Amino acid sequence: MAGKDDIEIHGSGRTDAGVHSNGQYANFYLDIDMSLDEIKDYLNKYLPDDINIVDIRIVLDRFHARLSAIGKTYVYSIDNNKKANVFLRKYTWNIKDNLDIDKMKQAAQCFVGKKDFATFSDVKSKKKSTVRKIESINIDNNNGIIKISYTGNGFLYHMVRKITAAIVSAGYGNLDAETIEKLLERKNRQEYKEMAPAKGLCLYDVYYDI
């Protein structure tokens, strides 16, 4: 398609195995005599059925799908029904026990704002900053399908899955806001190792100032 030149693709970020994406972005440089629609159709023709290119456009040369991102939204889905929805089983964490949504919302607010999330990540490099800003965490319960939406300027390795585990633990009554605040203050990833299953997490959207 692009002659003999290799095409280097830059994604907006990497996700854990088993995590899904509703709004992944990627950029690449291409010198070819095809329209944008022709390129999109060509890509969709050869991509597997579980990947679909929904839009394609020309951007400035300095654009980079990861480095130019100013924010992301992740959504974590929980099926809190006694009998799990078989059609959602690959995309939700099934929890049969009752969860206290009010306690989950209280716990979620502990994570909102600019904070050091070292405790709630698995970043190993000491050179990488673990400070991130979460703009909002919204929790919605629709007939037992609980969706936790996270919007922030960036997320660390395993950060959303660990925060989700803490919020669920609060829903069980096993973790309170005061304990969460202390865990955040200690900035030690060894102090909290619980993590929600990958299959419930979805990269919902990525935001750019272009």
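Predicted model: local features only at pLDDT ≥ 70, side-chain atom pairs only at ≥ 80, totals over all residues.
**Stop 1: T119.** Stay on this residue. T119 sits in the loop between β6 (113–116) and β7. T119 counts as buried because its relative accessibility is 0%, and the cut-off for buried is under 20%. Now show its contacts, leaving out residues up to four places away in sequence. T119 touches K162, L183, L184, R186, K187, N188, R189, E191 and Y192.

**Stop 2: the nonpolar core.** Next, select F111, I148, Y150, I163 and I167. In the largest nonpolar core, which has 45 residues, these five touch the most other members. Then colour the elements that give two or more residues to this core: β4 (69–79), α2 (101–109), β7 (131–142), β8 (145–152), α3 (159–172), α4 (177–186) and β9 (201–208). Of these, α3 gives the most, with eight residues. In soluble globular proteins, nonpolar side chains tend to be buried together.

**Stop 3: I148.** Centre on I148. Beyond its neighbours within four places in sequence, I148 is in contact with Y74, V75, Y76, I78, M104, I137, N138, I139, T164 and I167. I167 is also on the list of residues that touch the most other core members.

**Stop 4: the surface.** Finish with I7, I9 and F28. They make a nonpolar surface patch of about 260 Å². Pick I9, in the segment before β1 (10–11). I9 counts as exposed because its relative accessibility is 58%, and the cut-off for exposed is over 50%.

Note on methods. Residues numbered from 1 in each chain as written. Heavy atoms only, no water. Core = buried A, V, L, I, M, F, W, Y, C linked by side-chain atoms within 4.5 Å. Buried < 20%, exposed > 50% of the residue type's maximum accessible area, 1.4 Å probe, protein only. Helix = DSSP H or I, 4+ residues; strand = E, 2+ residues; numbered from the N terminus. Contact = heavy atoms within 4.5 Å. Patch = residues over 30% accessible without salt bridge, like charges linked within 9 Å, V, L, I, M, F, W, Y side chains within 5 Å. Areas by Shrake-Rupley, 256 points an atom, 1.4 Å probe, with all protein chains shown as cover. Salt bridge = Lys/Arg side-chain N within 4 Å of Asp/Glu carboxyl O.
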